[in-house]
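Me: I have a new model open on my screen and would like to learn how to read it. Could you take me through it feature by feature?

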Amino acid sequence: MLKKLTAIVMMAVLAVVIMFLPSPAAAAEVTVAVNWRPLSLSGPQPYVAGGIVMLPLRAASEALGAHVSWDGANNNATLLRGNNVAIIKKGGSRVYVNGTPYPLSTASTLSYGTIYVPQDFIAAVFGFPTYYNGSVLNLQMDELPVYYTKGFRVKYLDGGSKLVTDGENSRLLLFPRSGAAPVGVVADKTIPIPLRNVMTSSAGFVGVMAQLGVLDSLSAVTISEPYWYVPGVRQAMQQGAVKYVGGDNMEAPDYELVKAISPELAFVYTDNYAHVMQKFDEMGIRYAVNNENAEADFLARMEWIKFVGAFYNKELQAEKIFNDALYNINRTTAKVQGLNKPKVAWGLSWYGKVYVADVNSYVGKWISMCQGNYVFQNIKAGQDTQVSMEDFYAMAKDADILIYSSTTNYMNDASIQGIIKENPLFADIKAVQNGQVWAYAPDWWQTLHETDVFVEDIAAVFHPEAFGGHQYRKLVKLP
Amino acid sequence: MKRHFMSIVVLITILVLLAGAWFYRHIHDRIPDTPVVTASNPETPPDSAPETEAAAPSEESTISKGFPMTIRDMMNNTVTLKQKPEKIAVISGPLLEMFYGLGGQSICTVNPEELKAPLADAGQLPSIGKAANPDIIAILELEPDLVIAEAGVQNEIVTTLQKSKLQVVALKSKGDANREKSLNLMKAIAGLE
């Protein structure tokens with residue numbers, strides 16, 4: 001009897017072991033690479049079936065920067081990449097990309113709780129040709145995908161090098177620090193990556209660097225310690241790891257200090273920095289021009305986070321941050337579409353002059369996407385436009401909402417009485433009388449990667465009825 | 001006694017192992033990746049604009065006569081129909097009822113429990129599931145010339161369908177004024193006047 005039972009136990013144990021063992025196909029190790037650089041996939045790993053590499057849908061798509069959402073009721077996975085949407089059904093043998101069906105070499109399958117797709121899914125959805133050599137599945141990415149900006153480009157070269165075109169059309173040849181720059185490539189500057197010693201005049205880039213986990217490469221900034229809200233920056237400045245080199249009042253940096261720090265790259269803007277760039281040229285300090293502030297679309301502006309990522313080989317992580325934010329933005333703007341549009345004024349008074357945002361700027365896009373009716377639609381002179389107080393009053397007097405375009409920590413008195421003190425004509429504006437005056441939170445300029453939070457706050461200010469219990473993070477209602 | 005005890009131990013071991021294995025396979029197979037149910041999960045009321053008269057579009061929905069026809073719908077989208085749509089997919093229960101009341105015919109239906117009464121041809125129509133969370137692939141496979149969706153609760157779905165290059169007109173079924181406007185738009189679009 002005991003022998004018989006022992007045999008049954010042995011068989012049961014064997015059955016359980018077989019159940020948990022990966023299939024023979026799954027046991028074959030496959031490395032996924034982008035341009036022959038390994039791509040780390042979390043969780044379930046790829047396997048080979050019939051000579052085709054099967055990839056875990058979520059892990060592979062997210063590693064390539066897509067936002068993935070799962071509709072369990074209908075068994076559909078949806079991928080968002082910029083303005084592209086791809087949808088596939090569990091078990092489906094075709095993927096719809098922007099509505100067009102692409103047949104796959106084999107149907108998607110469910111294995112150990114994960115949906116797997118064949119390697120040609122990557123070509124259909126991401127546009128990267130694939131090549132499997134028996135151990136490595138290489139995804140060929142010739143150029144970093146960008147969807148909204150025309151301000152920069154990243155092209156990939158052999159051996160981990162890349163050619164970046166910056167905001168001033170300068171060609172920056174980035175090459176792996178461990179190797180040598182490729183010869184025969186026409187470039188204006190040659191820069192080893194990942195960066196280790198960086199100066200930036202872009203506060204927004206510092207927030208992105210923190211998000212990408214590369215803040216330790218930051219050496220110099222043009223904003224002094226009290227004004228920083230990116231976690232870790234103040235502490236790094238107190239410890240001396242990050243130096244303030246001047247610039248709080250838009251003045252040129254202390255060149256001697258910059259020379260002492262000797263950054264291997266400085267991120268600068270064209271605005272107010274033409275003379276600085278000239279001086280940097282003389283000093284032999286390399287710089288890359290970031291003109292995200294000149295973008296006419298807030299999505300194009302946010303896309304510059306991928307420009308930063310390229311200097312750290314983290315552009316696909318930046319792509320993921322971008323697409324995740326885009327997903328949230330799409331949800332927010334869909335939520336308010338079709339609602340009544342409040343009249344919105346957006347500007348500030350500074351030493352007796354009033355400045356408003358151009359309707360064609362990214363601020364204008366924010367207002368229209370969040371279903372606001374901008375009162376300064378006919379003012380299109382430039383990025384930020386100075387108007388007379390009389391014109392401002394004539395157009396803004398009936399505004400339901402006033403967004404005062406200053407961070408609260410730069411205001412002399414961050415209150416409604418404070419802005420009336422700055423300019424008494426504000427007192428007669430409907431939004432001021434009704435207490436609907438908002439200003440920027442102190443971290444406004446330092447969190448470019450949180451554009452989705454900006455959009456949600458703006459939409460919630462315009463349409464509070466659709467955002468019950470909303471916690472504002474980027475806009476502050478003035479008391 | 002010892003043999004009896006051993007037998008019981010062995011039997012319990014078998015049962016525990018088999019139960020564990022079944023549980024692992026069964027549960028895991030039901031959870032693809034890390035499931036993220038979208039906001040329009042039918043179990044959760046979707047975040048949406050309030051469905052009231054007050055939430056009516058700020059700009060009047062408009063329509064031009066004849067084809068090509070330009071419509072500003074109730075999401076304030078402007079849609080141009082080059083020709084009269086032959087295959088119209090109505091993806092909301094109340095809008096389906098309104099459309100059929102006018103004599104229109106959809107190429108799909110929704111879950112029967114979302115309709116007050118079965119549609120005349122409901123038996124032959126493919127279902128796109130729950131209106132709050134329709135099967136987007138089922139809609140795409142029908143290759144409609146036009147989708148009629150419910151503004152508000154289906155705004156996110158409209159966005160996805162638009163990205164998938166489908167023409168969508170968003171209408172409203174709640175509130176007398178909205179219903180009247182929607183009926184007029186349906187009549188003009190489908191040539192039911």
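This is a predicted model: local features need pLDDT of at least 70, side-chain atom pairs count only at pLDDT 80 or more; totals for chains, interfaces and linings use all residues.

**Reading the model, step by step**

Reply: Happy to. Let's begin with one helix: H16(A) is mostly covered, with 11 of its 12 residues buried.

Me: Which residues of H16(A) are buried?

Reply: They are A:Thr451, A:Asp452, A:Phe454, A:Val455, A:Glu456, A:Asp457, A:Ile458, A:Ala459, A:Ala460, A:Val461 and A:Phe462.

Me: What does chain A look like as a whole?

Reply: Start with the inventory: chain A has 16 helices and 29 strands. Its C-alpha trace spans about 95 × 55 × 50 Å along the principal axes. Of the 479 residues in chain A, 46% are buried. Take the contacts in chain A between residues at least 6 apart in sequence: 54% of them join residues at least 24 apart.

Me: Into which domains is chain A divided?

Reply: The assignment gives domain 1 (28-139), domain 2 (164-312) and domain 3 (337-477). Between domain 1 and domain 3 of chain A, the C-alpha centres lie 43 Å apart.

Me: How do I read a sheet?

Reply: Write down the strand order, then the direction of pairing. In chain A, 5 strands form an open sheet in the order S5-S6-S7-S8-S9, with antiparallel pairing. Strands S5 (67-71) and S9 (100-103) of chain A stand at the edges, each with a single partner strand, so one side of each has no neighbour in the sheet. On average, neighbouring strands of this sheet are turned by 25° against each other, direction ignored.

Me: How many bridges join S6 to S7 in chain A?

Reply: There are 6 bridges between S6 (residues 76-81) and S7 (residues 84-89) of chain A, and the two strands run antiparallel. For one pair to find on screen, take A:Leu79, whose bridge partner in S7(A) is A:Ala86.

Me: What does A:Val125 touch?

Reply: Leaving out residues up to four places away in sequence, A:Val125 touches A:Leu79, A:Ala86, A:Val95 and A:Val97. A:Val125 itself sits in helix H4 (residues 120-126) of chain A.

Me: Why does A:Val125 count as buried?

Reply: The cut-off is 20 or more other C-beta atoms within 10 Å. A:Val125 counts as buried because it has 25 C-beta neighbours inside 10 Å.

Me: Where might I see a parallel sheet?

Reply: Look at the open sheet of 5 strands in the order S20-S19-S18-S21-S22 of chain A, where the pairing is parallel. Its edge strands are S20 (243-244) and S22 (287-289) of chain A, each pairing on one side only. Inside the sheet, 3 bridges join S18 (residues 198-200) to S19 (residues 218-221) of chain A, and A:Val198 stands opposite A:Leu218 in S19(A).

Me: Which strands does helix H5 of chain A lie across?

Reply: Helix H5 (residues 203-212) of chain A lies across S18, S19 and S21 (265-268), running at about 160° to S19(A).

Me: And what should I look for in a hairpin?

Reply: Check the pairing, then the turn. Strands S23 (residues 343-350) and S24 (residues 353-357) of chain A run antiparallel and are joined by 4 bridges. The bridge partner of A:Gly347 in S24(A) is A:Val356. With 2 residues between the strands, this hairpin has A:Tyr351 at a positive phi near 50°.

How values were computed
Residues are numbered from 1 along each chain as its sequence is written. Chains are lettered from A and ligands numbered from 1 in the order in which they are written. Two strands pair if DSSP finds at least two bridges between them. Axes are lines fitted to C-alpha atoms, for helices over the stretch in contact, and angles run from 0 to 180 degrees between N-to-C directions. Domain bounds come from an automatic or database domain assignment. Two residues are in contact if their C-beta atoms, placed from the backbone, lie within 7 Å.
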